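Have the sequence and the 3D view open as you read.

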Amino acid sequence: MQLLKDTYQQQAILAEYCRNGVVPELKGVKYENLGQYRRLVFNIASDIIETAYPITHSFLPEETWKKLVFDYFAEHKCQSTQVWRMPLEFYDYCVKKDLQSQLNLPFLNDLLYFEWLELEVHTMEDGVYPDFKTEG
């Protein structure tokens, strides 16, 4: 059990580093390669968020968007084990930070929520349609 606890601890330390960039002490790590993990994880998370919010991404200035995603990634510890749900946590983060007021975009929360709902509906399980009847 100690090995499992140690592994979990090392993974948590690595995840924290990937989020904030503060180089930790890790056992058996080649520190010259550590930055590649952070770059890889950040790029995946950034791509997921950008793909989920294409309208918001295209509307905001590029520097504003990059800072927003970077701050989210550094400050927020994702709770969902499903990567496709990360955009919902991004939306929640933006609402809690009141970014629509900070950016003077009173529609931002609604736009993010609309884009999230579109993704949720797209990925939801297909429903069963009733049989088609020509009469009655």
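Arg-19 counts as buried because its relative accessibility is 14% (buried means under 20% relative accessible area, exposed over 50%, and partly exposed in between, with a 1.4 Å probe and protein chains only). Glu-16, at 28%, counts as partly exposed. The side chains of these two, Glu-16 and Arg-19, meet in a salt bridge, 2.5 Å from N to O. That term stands for a side-chain nitrogen of Lys or Arg within 4 Å of a carboxyl oxygen of Asp or Glu. Both residues sit in helix α1 (residues 2-20), and because they are 3 residues apart, about one helical turn separates them. Helices here are DSSP runs (H or I, at least four residues), numbered from the N terminus.

A quick word on where this comes from: the model is predicted, so local features need pLDDT of at least 70 and side-chain atom pairs count only at pLDDT 80 or more, while totals for chains, interfaces and linings use all residues. Residues are numbered from 1 along each chain as its sequence is written, and side-chain values use heavy atoms, with hydrogens and water left out.

Which residue forms a salt bridge with Glu-16 at 3.7 Å? It's Lys-77, going by the closest N and O atoms. Lys-77 lies in the loop between α4 and α5 (86-96) and Glu-16 in helix α1, so the pair ties together parts 61 residues apart in sequence. Lys-77 is partly exposed, with a relative accessible area of 47%.

Another salt bridge joins the side chains of Glu-75 and Lys-97, 3.1 Å from N to O. Glu-75 belongs to helix α4 and Lys-97 to the loop between α5 and α6 (99-102), so this pair links parts that are 22 residues apart in sequence. Back at Glu-16, shared partners join Glu-16, Arg-19 and Lys-77 into one network. Searching the whole structure turns up 5 salt bridges.

## Helix α2

Now for α2 (residues 31-52), the helix that holds Val-41. Val-41 is partly exposed, at 34% relative accessibility.

How do α2 and helix α4 (residues 62-75) cross? Their axes come within 11 Å and cross at roughly 120° (axes are lines fitted to C-alpha atoms, for helices over the stretch in contact, and angles run from 0 to 180 degrees between N-to-C directions). That makes α2 oblique to α4; angles under 35 degrees count as roughly parallel, over 145 as roughly antiparallel, 65 to 115 as roughly perpendicular and the rest as oblique.

Conventions:
Helix = DSSP H or I, 4+ residues; strand = E, 2+ residues; numbered from the N terminus.
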